[in-house]
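Keep the structure open beside you as you read.

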Amino acid sequence: MTDAPLLSVRNLRKSFPITKGIFGRKAGEVRAVHDVSFDIASGETLSLVGESGCGKTTTGRAILRLIEPTAGEVMFDGRDVRAMAPAELRKARREMQIIFQDPVSSLNPRMTIGAAIREGLTIHRLFEGSAADARVRQLLDEVGLRAEYTTRYPHEFSGGQRQRIGIARALAVEPRFIVCDEPVSALDVSVQAQVINLLRDLQRDRDLTYLFIAHDLSVVRHMSDRVAVMYLGKIVELSAAEDLYREPLMPYTQALLSAVPVADPTVQKQRILLEGDVPSPASPPSGCVFHPRCHHPAKDAACAKIDPPLEEKAPSHYAACIKQTPTRITWDDQAIAGGVNPPVRYLPVVDQLQRPRNPVPPNGRQP
Amino acid sequence: MNEPLLSVENLRTYFYTGSAIARSVDGVSFSIGQGETLGIVGESGCGKSVTALSILRLIQQPGRIEAGSRIMFEGKDLVTLDDSAMRHVRGNRISMIFQEPMSALNPVFTVGDQVAEVARVHGTGSRRDAWARAVEMLTLTGIPAPGDRARQYPHQLSGGMRQRVLIAMALMMNPALIIADEPTTALDVTIQAQILDLLTDLQTRLGTSILMITHDLGVIAETASRVVVMYGGEVVEEAEVKQLFADAHHPYTEGLMNAMPQIGAGRERLNVIPGTVPPPTAWPSGCRFRDRCSFAWEMCEKEHPPLYQISAGHTSRCHLAVEPERRADPHLPLVEQVGATL
């Protein structure tokens, strides 16, 4: 990347203590987010995908300090978010907003939607009096709602309309960066498509940067420039969306993609069925967190011992797997850890020379 | 075709709320053959879940199955069956798998007890036999260490495991029909794949018929052999699954397919169906989809479309069947013309 990223996250960690007894003795901890690092360029959409409990929502909230991170660094536009004093943080939140998953519980039922949208304007002293009213009406119009709705209450709206209100509320303070936390998963297909298109139009018109959190891989395909796949608190694969969907490198991503039902009865899919459930984040497996469920033909004892680093396996395509060459973990080290299956190219890595040029320009935006 | 296992004829289920009548299911007909999987697909409020509940007569006040509705199952009309006979059908001949595995299980009993209870209620064998059968069913649904799991409580199991327990419960009495109401909606995609696989596998082994209710066309494509599309309390299209995906006739079905994000597609804009589903208390006159349809003309407002026969086994509730040349002439739907933002 040529210019500095808008948001840069380094080794972010969040663990929740497990307490026992009435004195709250600490009996262990849940590693919700463990050493997560990524950059988001201005105007780009990075998606975090994964199944429930993988830490994607916690990551999004820890970045905005809605949950205090345990460790790590969050730089927003060159400023250290974790070092900000409360007043400073409030100011910074004008530039960093969030859209929540559940449009029902995220709106105050006793506040008219006009008041809900206006709240941010008042707190940040952006508009007052009739100027604020005009601004609220303009925002409603922008998200495709009628301006006269300002005096209505949240229960008068459908799910899709409430999600639009949530978007208007986030947009009110003119943020540069928005965390979209599962914004469409509670919506019906036809309404979901409307909201996805709205989010994309707003991004184009206002040069917004999104961290898009979702579990639905087909929605992510439509939203993202780049995608990070999370599993048990870690990023296990990170690349341009196109590369990830065409050629997933991490065995978990392959299984995840193959599990998505395809709306075409003529397609006979090779499905990789994962055995069992996601282990508990309170006692994650040793070594590679995915190894107990992994279907990689070269899986061996080394996988249970070596924690694979997130490595660049192909241009701008990162994956965490010691059985996927190239890897920094030498065969000798793997043998010491009990490895018997040498890391051969089991996974379909296209020759880098034959690879089509990465169409994503440095700032991550697509034409 | 030989005698269908279940045939629903002109089912109407209305809810009498204070001021208005919600016609949630309004003249629905379909049938399911032996060993067949029929999919019902539609968005929230289309009446698909109410249809399922009506089949089992689980509709509560102020809801009512209207006179004239018939639900024929194994030679009996379930609408007029007396309560004790209906209890014999429920869980025994027809069983149901619910969407929320957590709320469908009782938190204070072990899962083994709850699965075994089905056999005890239907009065077959001793307590010991019921327990043995429960463990056998848990084994069948692929729960590891079923003997130990049976002694655990619902909160000790993961979402996927709980759904397997519900499936085990549904299989207890070896029913002829299983109604699965959004069985995988609350589950993660890899777990969803496991459960769908399990259902398909069980069906081929046991020959049970399945009524699969879902909003996800992907799930339909992978499990169903025939599909019923519902909108506004009515069946708007019915076809073999391959026929439907290859050649959808109704503009709503088409719109639904185009609005679905596809994993194999690029990053292009999604096509949307403008507007929202109207409330069941006020279906539009004529065609219920006309406000949101880009082909609607005067006839759609005046005449409620019947189910037209498109080809063998393919029906569609759209006047385009009689004036197909209009398909070449899409225009802005009514909700957009009047500037009615959503």
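Predicted model: local features only at pLDDT ≥ 70, side-chain atom pairs only at ≥ 80, totals over all residues.

Chain A has 11 helices and 12 strands, while chain B comes to 12 helices and 13 strands. The table sets out some values for each chain.

| Chain | Residues | Radius of gyration | Buried residues |
|---|---|---|---|
| Chain A | 367 residues | 22 Å | 47% |
| Chain B | 342 residues | 21 Å | 51% |

Along the principal axes, the C-alpha trace of chain A spans about 75 × 60 × 40 Å, and the C-alpha atoms of chain B fill a box of roughly 65 × 50 × 45 Å.

The contacts within each chain tell you about sequence separation. In chain A, among contacts between residues at least 6 apart in sequence, 65% join residues at least 24 apart. In chain B, residues 24 or more positions apart account for 65% of the contacts with a separation of 6 or more.

## The sheet of chain A

Chain A holds an open sheet of 8 strands with mixed pairing, in the order E6-E7-E8-E3-E9-E10-E12-E11. Strand E6 (96-99) and strand E11 (311-314) of chain A each have a single partner strand, which means that one side of each is left without a neighbour in the sheet. From one strand to the next, the twist averages 25°.

Look next at strand E7 (residues 177-181) and strand E8 (residues 209-214) of chain A, which pair in the parallel sense over 5 bridges. Within this pairing, Val179(A) has Leu211(A) in E8(A) as its bridge partner.

Helix H5 (residues 159-171) of chain A lies across E6 and E7 of chain A, running at about 175° to E6(A). Helix H9 (residues 251-259) of chain A lies across strand E9 (226-231) and strand E10 (234-240) of chain A, at about 100° to E9(A).

## Helix H5 of chain A

The 13 residues of H5(A) should span 18 Å at 1.5 Å a residue, and the end C-alpha atoms are 18 Å apart, so the two agree. Is H5(A) mostly covered or mostly exposed? H5(A) is mostly covered, with 12 of its 13 residues buried. Among the buried residues are Arg162(A), Ile165(A), Ile167(A) and Leu171(A). The cover over the buried residues of H5(A) includes E6, helix H3 (113-123), helix H4 (129-142), E7 and H6 of chain A.

## Where the chains meet

The contact between the chains takes 39 residues from chain A and 39 residues from chain B. On the side of chain A that touches chain B, the elements giving two or more residues are H5, helix H6 (189-206), helix H7 (217-223) and H9 of chain A. H6(A) provides the largest share of that side, 7 residues. By type, the residues on this side of chain A divide into 19 nonpolar, 13 polar and 7 charged.

Helix H7 (residues 189-206) of chain B brings both chains into the picture. The buried residues of H7(B) include Val189(B), Ile191(B), Ile195(B) and Leu199(B). Their cover includes H7 and H9 of chain A together with helix H6 (159-171), strand E8 (177-181), strand E9 (209-214) and helix H8 (217-223) of chain B. The 18 residues of H7(B) should span 26 Å, and its end C-alpha atoms are 25 Å apart, which agrees. After H7(B) comes Gly207(B), with a positive phi near 70°.

## Strand E8 of chain B

In E8(B), 5 of its 5 residues are buried. In a regular strand the side chains alternate between the two faces of the sheet. Here Leu177(B), Ile179(B) and Asp181(B) are buried on one side, and Ile178(B) and Ala180(B) are buried on the other.

E8(B) pairs with strand E7 (residues 94-97) of chain B in the parallel sense over 4 bridges, and Ile94(B) stands opposite Leu177(B) in that pairing. E8(B) also pairs with E9(B) in the parallel sense, over 5 bridges, where Asp181(B) stands opposite Ile213(B).

Technical notes. Residues numbered from 1 in each chain as written. Chains lettered and ligands numbered in written order. Pairing = 2+ DSSP bridges. Axes fitted to C-alpha atoms, helices over the stretch in contact; angles between N-to-C directions. Contact = placed C-beta atoms within 7 Å. Nonpolar A, V, L, I, M, F, W, Y, C, P; charged D, E, K, R; others polar. Expected span 1.5 Å × (residues − 1). Buried ≥ 20, exposed ≤ 12 C-beta atoms within 10 Å, placed from the backbone. Rg over C-alpha atoms; globule rule 2.2 N^0.38 Å.
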